[in-house]
Amino acid sequence: MQLTLAELKASLDQARMGREMYRLIETLYPICRSLTGHGVRETLSILQRHIALKVHEIPTGTPVFDWTIPREWNIRDAYIKNANGERVVDFQQCNLHVVHYSVPIHTRMHLADLKSHLHTLPEYPDRIPYRTSYYHETWGFCLSEAQLQSLPDEQYEVYIDATLQDGHLTYGEYVLPGESSDEILISCHICHPSLCNDNLSGLALTTCLAQALTPLSRRYTYRFVFVPATIGPIAWLCLNEPRLSAIQHGLVVSNVGDPGPLTYKKSRRGKAEIDRAVMHVLQHTSTASNIVDFVPYGYDERQYCSPGINLSVGSLSRTPNGGYTEYPGV
């Protein structure tokens, strides 16, 4: 039995929903997600416990517009050991310690040579940065500046047990049919490791929204996509190009877990119906909010709004990318 919107509002328990989102984030936080690989599959498998998500896989080497699906990366272990055999940098303790997409390596080297492969944030000496090397084969470790300064000048064992080989890019999709074939697209990225605000907050909120809309009578068809950033939407757009005209409105959801005011970034069109609708809602609530114009920097709205595609897709966040010092490890 489907509910009306009024019935849904009456049944919503925001405190319960908040607790469920926190529990989902707690479950997903330890997983080492990346652009591809088992961490993404494990994440989508967990989401399938909450919504009837369909998982898609695109083989390495598949052309998607002028991009190509990359090789699949998986990691089992990584560390830097000192002369006493102690792990001074340990992937098992924090999955941010390894530059994502690092090629496998097992060698010994002096600190002076190792430093070119180490990444820190000197201005934030206790933080571990998040770094990737998706499209350039190299290897590296991330650690706090305080850790780096504590390392004596000696020889270290360096080990990254990872694979970079042909495989697949994996993404999830959940479609709720409505009275109309016109669609509303809701998109979030699933490629970041243990980052609660950038990645997991949007993922949890999108899943919760999909659950809430499932029992409703719906005018529009809702399409939820859970994709790795940038290459994911490019691949999805390429594979769905013949039916993109069905997308009437859309939102990219990210960075919704911090205490900053709600921020809406307009679509490239600027005056699309989704732009007017979100601005109207934000301007008539007591919650502080910001409205910003579209720029081709940020999250996946840049792909959905790119020239030649130009869908009516805006971005909803709290503090936007780059607007807070923890984003992500900068």
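A disulfide is a pair of cysteine sulfur atoms within 2.5 Å. The model is predicted, so local features need pLDDT of at least 70 and side-chain atom pairs count only at pLDDT 80 or more, while totals for chains, interfaces and linings use all residues. Residues are numbered from 1 along each chain as its sequence is written, and side-chain values use heavy atoms, with hydrogens and water left out.

**Cysteines**

- The sulfur of Cys 208 lies 12 Å from the closest cysteine sulfur, which belongs to Cys 188, and that is too far for a bond.
- Cys 208 has 7% relative accessibility and therefore counts as buried. (Buried means under 20% relative accessible area, exposed means over 50%, and partly exposed is in between, with a 1.4 Å probe and protein chains only.)
- Cys 94 is in no disulfide either; its nearest cysteine sulfur, in Cys 142, is 9.1 Å away.

**The whole chain**

- The secondary structure comes to nine helices and 16 strands. (Both are DSSP runs numbered from the N terminus: helices are H or I with at least four residues, strands are E with at least two.)
- The radius of gyration is 21 Å, close to the 20 Å that the globule rule gives for 330 residues, so the chain is as compact as a globular protein of that length. (The radius is taken over C-alpha atoms, and the globule rule is 2.2 Å times the number of residues to the power 0.38.)
- Along the principal axes, the C-alpha atoms fill a box of roughly 65 × 45 × 35 Å.
- Of the 330 residues, 55% are buried.
- Among contacts with a separation of 6 or more, 78% join residues 24 or more positions apart. (Contact means heavy atoms within 4.5 Å.)

**Surface and charge**

- The accessible surface comes to about 15400 Å², and 52% of this belongs to carbon and sulfur atoms. (Areas come from the Shrake-Rupley method with a 1.4 Å probe; for residues, only the protein chains shown count as cover.)
- There are 28 positive and 34 negative side chains, and the centres of the two sets lie 6 Å apart. (Lys and Arg count as positive, Asp and Glu as negative, while His and the chain ends are not counted; the place of a charge is NZ of Lys, CZ of Arg, CG of Asp or CD of Glu.)

**Buried residues in loops**

- Look for Ser 34 in the loop between α2 (14–28) and α3 (38–47). Its relative accessible area is 1%, so Ser 34 is buried.
- Not counting residues up to four places away in sequence, Ser 34 touches Val 40, Trp 73, His 100, Tyr 101, Tyr 134 and Cys 191.
- Tyr 101, one of those partners of Ser 34, sits in the loop between β5 (87–90) and β6 (105–110). Tyr 101 is buried at 2% relative accessibility.
- The phi of Tyr 101 is near 80°, a positive value in a residue other than glycine.
- Asn 255 also is not a glycine, and has a positive phi of about 50°. You will find Asn 255 in the loop between β13 (247–253) and β14 (262–265), buried with a relative accessible area of 0%.

**Exposed and partly exposed residues**

- Ala 83 lies in the loop between β4 (72–81) and β5, and counts as exposed at 57% relative accessibility.
- Ala 83 and Glu 57 are 26 residues apart in sequence and 43 Å apart in space, C-alpha to C-alpha. Leaving aside neighbours within four places in sequence, Ala 83 is in contact with Glu 154 and Gln 155.
- Glu 273 belongs to helix α8 (residues 273–283) and is partly exposed, at 46% relative accessibility.
- From Glu 273 to Gly 250 there are 23 residues in sequence and 9.8 Å in space, C-alpha to C-alpha. Glu 273 touches Tyr 220 and His 249, not counting residues up to four places away in sequence.
- Thr 214 is in the loop between α6 (196–213) and β12 (221–227), and is partly exposed at 33% relative accessibility.
- Thr 214 and Val 175 are 39 residues apart in sequence, with 9.5 Å between their C-alpha atoms. Not counting residues up to four places away in sequence, Thr 214 touches Tyr 174 and Leu 176.
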